[in-house]
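The tour goes from one selection to the next and says what is found at each stop.

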Amino acid sequence: PSVCRSNKGLLLSSPTSLDNNKWDSLIDDDDDEEGLQFAQLKDVPRDMKYNLFNLKRQRDAFDAIRSVAGKELTNDVYARDPTDDTRTFFFVGKLARVSDVSLEKAISRQWPMIEEHSARLRPLELYPKWGQLELWVAPGDSELDVAYCRPDIPFTKQTRDVEGASNVRNVECGFQGEVYENDEEGFRTVRDEDGKPVRSEIADSSESKRQPTDAEMDDLMEMLNSQVAAADSD
């Protein structure tokens with residue numbers, strides 16, 4: 001199972017494909033009342049331009065790879081504004097790759113699509129630095145551990161241009177972008193410049209590895225949101 005976000009917190013669910021209407025809505029927002037303009041950046045490969053056909057192909061590739069390899073070849077993707085003093089990392093989706101393609105090549109190959117998706121997903125925080133955003137990865141399906149500030153969950157900064165990435169076929173990697181529903185705030189975390197949590201680990205008093213109840217998750221999300229709000233005001 002993966003972890004999805006709602007206005008009630010982190011809820012466990014099975015990975016599912018996003019329907020086209022949700023993608024249409026995100027794409028149609030490129031010329032909204034805030035005056036955001038998403039003209040294509042230079043030198044973007046045709047198959048990685050941000051349009052419904054390409055998004056669906058990469059989402060389908062993600063699903064196909066995920067169904068065979070599970071989370072072992074999956075990574076969670078976060079984006080941040082490199083000039084943001086609050087050091088907030090926004091969860092923007094998940095990446096998958098076949099076994100003979102490195103993580104670095106897989107994210108570099110899809111960088112234009114992932115970066116534009118990040119800017120569209122968080123226009124207030126990330127759009128101003130579109131074209132300069134940092135992308136970081138964490139182990140697949142680690143959102144819950146990230147929320148608990150587990151120190152053993154690494155965030156690794158990625159590089160836009162990686163030698164050999166252009167030789168990766170688009171079906172050898174995939175991207176499932178995050179989409180918000182019901183005015184949810186989205187998942188974010190505060191980390192230092194090395195990608196390590198700046199807050200102490202949230203204690204889990206349970207002896208078993210059971211998943212938290214909905215009530216426990218509500219309390220956790222309230223705590224995390226208050227921490228982020230405090231960081232924003234510092």
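Start by selecting Tyr78 and Phe155: both are buried, a word used for residues under 20% relative accessible area, with exposed meaning over 50% and partly exposed in between (1.4 Å probe, protein chains only). This is a predicted model, in which local features need pLDDT of at least 70 and side-chain atom pairs count only at pLDDT 80 or more, while totals for chains, interfaces and linings use all residues. Residues are numbered from 1 along each chain as its sequence is written, and side-chain values use heavy atoms, leaving out hydrogens and water.

**The whole chain**

Show the cartoon next. The protein has six helices and eight strands; these are DSSP runs numbered from the N terminus, helices being H or I with at least four residues and strands E with at least two. Followed along the sequence, the pattern is β-β-α-α-β-β-α-α-β-α-β-β-β-α. Of the 234 residues, 47% are buried. Contacts (heavy atoms within 4.5 Å) between residues at least 6 apart in sequence join residues at least 24 apart in 73% of cases.

**The aromatic rings**

A search of the whole structure gives five aromatic pairs. Rings of Phe, Tyr and Trp (its six-membered ring) pair if their centres lie within 6.5 Å; planes under 30 degrees apart are stacked, over 60 edge-to-face, and the rest tilted.

Select Tyr78 and Phe91. Their pair is edge-to-face, with 5.6 Å centre to centre and 70° between the planes. Tyr78 is in strand β3 (residues 74-80) and Phe91 in strand β4 (residues 88-97), so this pair ties together parts 13 residues apart in sequence. Both residues are buried.

Keep Tyr78 and go back to Phe155. These ring centres are 4.6 Å apart with the planes at 35°, so the pair is tilted. Tyr78 in strand β3 is here linked to a distant part of the chain, as Phe155 is in the loop between α5 (143-147) and β6 (156-157), 77 residues apart.

**Charges over the rings**

Which ring has the charged end of Arg80 over it? That ring is Phe89, with its centre 5.3 Å away. A charge sits over a ring if NZ of Lys or CZ of Arg is within 6 Å of the ring centre and within 35 degrees of the ring normal. Arg191 lies over the face of Phe155, 4.0 Å from the ring centre.

Select Lys94 in strand β4. Its relative accessible area is 4%, so Lys94 is buried. The Lys94 side chain has a polar contact of 2.6 Å with the side chain of Asp76 and another of 3.0 Å with that of Glu143. A polar contact is a pair of N or O atoms within 3.5 Å; within protein, one must be able to donate a hydrogen and the other to accept it, and residues adjacent in sequence count only if both atoms are side-chain atoms.

Move to Asp141, in the loop between β5 (134-139) and α5. Asp141 counts as buried because its relative accessibility is 16%. The side chains of Asp141 and Arg66 make a polar contact of 2.6 Å.

**Last stop: cysteines**

Select Cys149 and Cys173. Cys149 is buried at 6% relative accessible area, and Cys173 is buried at 0%. The structure holds zero disulfides, a disulfide being a pair of cysteine sulfur atoms within 2.5 Å.
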